[in-house]
Amino acid sequence: MKDKLLIIGASGHGKVVADTALKMKTWKSIAFLDSDESIIPPFNLEIIGLSNDASRYLEQYDVFVGIGNNAIREKIQDQLELEGASIPVLIHPSAVIGEQVKLASGTIVMAGVVINCYTTVGKGCIVNTSATIDHDNLIGDYVHISPGANLAGTVTIGKGSWLGIGSAVSNNVNITQDCKVGAGTVVIKDLTETGTYVGVPARRV
Ligand SMILES: CC(=O)SCCNC(=O)CCNC(=O)[C@H](O)C(C)(C)COP(=O)(O)OP(=O)(O)OC[C@H]1O[C@@H](n2cnc3c(N)ncnc32)[C@H](O)[C@@H]1OP(=O)(O)O
């Protein structure tokens, strides 16, 4: 753990990552890397280098990937791990985390989230604003659970899957890897094939 934090990506998701990190009051300073010169960084923070410059800062900074796309986040975090980066977990102070919950590095838990007991969340995940994950869930690496999604008890989500805003997953349901579950979709049965699913109940499109 270092006393400075570097966030890769200063656009929409990176902004919320920075906001969460500021609220944690854990780092003396926070800065961004971003290759897009047109971006004005939020909260008067600085962009100190290009997106692929992280290697130069690993001695001094904790590093967090603030990019919403699951596949891109995975690629960058995997490389950072190979280089020995210190990658924290970010938890907004308003989140409620149950007993025996495990959260792996590079995961962010945003404002208003509730994660109930005995759930495990893999690395590089986004648990977005006001999502709820109930007891005994197993969330794979690089999953994004969008704002307001609700997962009942004993749900499994495979690596790289994306649950859209306001979606719901019934208890004891398993969703395989790299699925996209649309906004407002209700999943009541296992999704065993990778694909895009929408509607109530969920159907593949
Ligand atoms: C902080 C943040 O912003 S986090 C980000 C939150 N964002 C989201 O949650 C967005 C979720 N994304 C969606 O719901 C998208 O519509 C997706 C990923 C499911 C599908 O996107 P695409 O692959 O581009 O599919 P496309 O738009 O072509 O739709 C395919 C069909 O599914 C239907 N469809 C798409 N999304 C939905 C949905 N959420 N519910 C019901 N039907 C849907 C479309 O109407 C279309 O039907 P048609 O073939 O009869 O015309």
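Modeller: The account below begins with the model itself, then turns to the sheet and the chain. This is a predicted model, in which local features need pLDDT of at least 70, side-chain atom pairs count only at pLDDT 80 or more, and totals for chains, interfaces and linings use all residues. Residues are numbered from 1 along each chain as its sequence is written.

The open sheet is built from eight strands in the order β5-β8-β11-β14-β17-β20-β22-β23, with mixed pairing. Because β5 (90-91) and β23 (203-204) stand at the edges with a single partner strand each, one side of each is left without a neighbour in the sheet. Here strands are DSSP runs of E of at least two residues, helices are runs of H or I of at least four, and both are numbered from the N terminus; two strands pair if DSSP finds at least two bridges between them.

As for the setting, the secondary structure of the chain comprises two helices and 23 strands. The chain has a radius of gyration of 17 Å, close to the 17 Å given by the globule rule for 205 residues, so it is as compact as a globular protein of that length; the radius is taken over C-alpha atoms, and the rule is 2.2 Å times the number of residues to the power 0.38. Along its principal axes, the C-alpha trace of the chain spans about 45 × 35 × 30 Å.
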